[in-house]
Amino acid sequence: MILRKREEVKVYFDEMESVYASNKKIWKFVYSWVDSLAIALIAVLVLFTVAFRVVSVSGPSMKPTLTDGDRLFVSAINLNYKRGDIVVITQPNQLNEPLIKRVIAVGGETVDIDFSEGIVKVNGEVISETYIKEPTTRMFDIAFPVTVPEGCVFVMGDNRNNSTDSRSSIVGFVDTRYLLGKAQFRFYPFGEWKID
């Protein structure tokens, strides 16, 4: 009888050890997945805090290139701005909202606009603007020609006659320290990735 009890206890302990080993494998598997997900989440948060930002287009000022509701990835690293870059501006202004505009000129360059002809010149040369909706005929309160101060950019929307931009003292020259970054590509709507 005692021998039988020992065998029953041994069987019971063997079963418990088997269950414990099985549970240990399951918990080890769950822990490895949770650990991997946490590391991936931290990496994505760091990436989108330091390197990239997601920005939504609001309003018609960048038509036809960008439309209201487009979502963009904006690069916040390696920021050497040049003519033609689409940038996100966080400089405080009377509009009280971030702006998305195209860089027309950088520090040290001179901008002149002939509003009757709709022609934009930088450093005396007419710039090719295949991306605009229509020629630039809308004037604001800034007299041209103007020279862009160092450390600033001159920006305009692609929908020139429906855009408040550097032609107006509301926006004026934009200090590059207030540029969130360059638009790299559009991820929404899907399939229309490229930004010209």
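Author: Asp 85 sits in the loop that links β2 (71-75) to β3 (86-89). Strands here are DSSP runs of E with at least two residues, helices are runs of H or I with at least four, and both are numbered from the N terminus. The model is predicted, so local features need pLDDT of at least 70 and side-chain atom pairs count only at pLDDT 80 or more, while totals for chains, interfaces and linings use all residues. Residue numbers start from 1 along each chain as its sequence is written, and side-chain values use heavy atoms, with hydrogens and water left out.

Asp 85 counts as buried because its relative accessibility is 9%; buried means under 20% relative accessible area, exposed over 50%, and partly exposed in between, with a 1.4 Å probe and protein chains only. A polar atom of the Asp 85 side chain lies 2.9 Å from the backbone nitrogen of Lys 82. That is a polar contact, meaning a pair of N or O atoms within 3.5 Å; within protein, one must be able to donate a hydrogen and the other to accept it, and residues adjacent in sequence count only if both atoms are side-chain atoms. Setting aside residues up to four places away in sequence, Asp 85 touches Asn 80, Lys 101, Arg 102, Val 103 and Lys 182, where contact means heavy atoms within 4.5 Å.

β4 (99-106) and β9 run antiparallel and are joined by four bridges; two strands pair if DSSP finds at least two bridges between them. β9 covers residues 152-156, and five of its five residues are buried. Cys 152, Phe 154 and Met 156 point one way from β9, whereas Val 153 and Val 155 point the other way. β9 also runs antiparallel to β10 (residues 174-175), with two bridges between them, and Val 153 stands opposite Val 174 there.

Gly 69 lies between β1 and β2 and is partly exposed, with a relative accessible area of 23%. Leaving out neighbours within four places in sequence, Gly 69 is in contact with Ser 56, Val 57 and Tyr 188. The C-alpha atoms of Gly 69 and Pro 189 are 8.4 Å apart, although the two are 120 residues apart in sequence.

A separate group of strands forms an open sheet in the order β7-β6-β5-β8, with antiparallel pairing. Its edge strands, β7 (125-126) and β8 (146-147), each pair on one side only. β5 (residues 110-114) and β8 are antiparallel over two bridges, and Thr 110 stands opposite Thr 147 in β8.

Of its 196 residues, 34% count as buried. Among contacts with a separation of 6 or more, 63% are between residues 24 or more positions apart.
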